[in-house]
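Open the structure in your viewer and keep the selection tool at hand. We will go stop by stop.

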Amino acid sequence: MKPAEGSTVIGKSVTIRGEVSGNEDLVMDGDIEGTISLPENSLTIGPNARVAADIKVRNLVVYGRLKGTLHVSGRVDLRHSAVVEGDIFGGRLSIEENAQLKGKVELSGAPERQVEVMPPVAHHTETHAGQKPLILESQS
């Protein structure tokens, strides 16, 4: 896990109790208990982190342990080593194999999202000329 350029990094030996807020991306690899508010920015919970906090961020990537209520306006990524206990309220959710999640998930994507499903690729040189993709629309 390499921090993005311009991110603030809180190392694995740091412990914070209280409120963390800011206007830049944050990589947290230490321990925190309290609240984290970065409504316009991203938060990465590193593999050594142990976080017990209510979180409000744009995007969230979790490698470590996290307990709390998560309000994420964009995307939540739970990586293979993530252990999350709490409710997630977000726009999108991605969970890698072996990630653990215990809690409720409520996703509120775009009201008229469409997903295109393309036909399988032919195993020989045949083409599927004239075939149209299947369009799935959410029913909100």
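Start with F89. Leaving aside neighbours within four places in sequence, F89 is in contact with T69, L70, H71, V72, K104 and E106. Keep in mind that this is a predicted model.

Stay on F89 for a moment. F89 sits in strand β9. Is F89 buried, exposed or partly exposed? Its relative accessibility is 23%, so F89 counts as partly exposed.

K104 was among the contacts of F89. The two residues are 15 apart in sequence, and their C-alpha atoms lie 8.3 Å from each other.

**Next stop: N98**

Select the loop between β9 (88–95) and β10 (100–102); N98 is found there. Look at the backbone of N98. Phi is near 80 degrees, a positive value in a residue other than glycine. How accessible is N98? The relative accessible area of N98 is 59%, over the 50% cut-off, so N98 is exposed.

**Next stop: the strands around β4**

Select β4, residues 31–45. Then bring in its partners one by one.

- β2 and β4 pair in the parallel sense, over seven bridges. Find S21: it stands opposite S37 in β4.
- Three bridges join β3 to β4, and the two run parallel. Pick M28 and look across to its bridge partner in β4, I45.
- Pick E33, whose bridge partner in β5 is A52.

While the strands are on screen, show the side chains. In a regular strand, side chains alternate between the two faces of the sheet.

**Last stop: the core**

Now select the largest nonpolar core, which has 25 residues. Which of them touch the most other members? They are I36, L43, V51, I55 and L60. Colour by element next. The elements that give two or more residues to this core are β3, β4, β5 and β7 (70–78). The largest share, six residues, comes from β5.

Finish on V51. Not counting residues up to four places away in sequence, V51 touches M28, I32, I36, I45, R65, L66 and K67. Two of these names have come up as a pair: M28 has I45 as its bridge partner in β4. Another, I36, is listed with V51 among the core residues that touch the most other members.

Notes. Residues are numbered from 1 along each chain as its sequence is written. This is a predicted model: local features need pLDDT of at least 70, side-chain atom pairs count only at pLDDT 80 or more; totals for chains, interfaces and linings use all residues. Side-chain values use heavy atoms; hydrogens and water are left out. Helices (H or I, at least four residues) and strands (E, at least two) are DSSP runs, numbered from the N terminus. Buried means under 20% relative accessible area, exposed over 50%, partly exposed in between (1.4 Å probe, protein chains only). Two strands pair if DSSP finds at least two bridges between them. Contact means heavy atoms within 4.5 Å. A nonpolar core is a set of buried Ala, Val, Leu, Ile, Met, Phe, Trp, Tyr and Cys residues joined through side-chain atoms within 4.5 Å.
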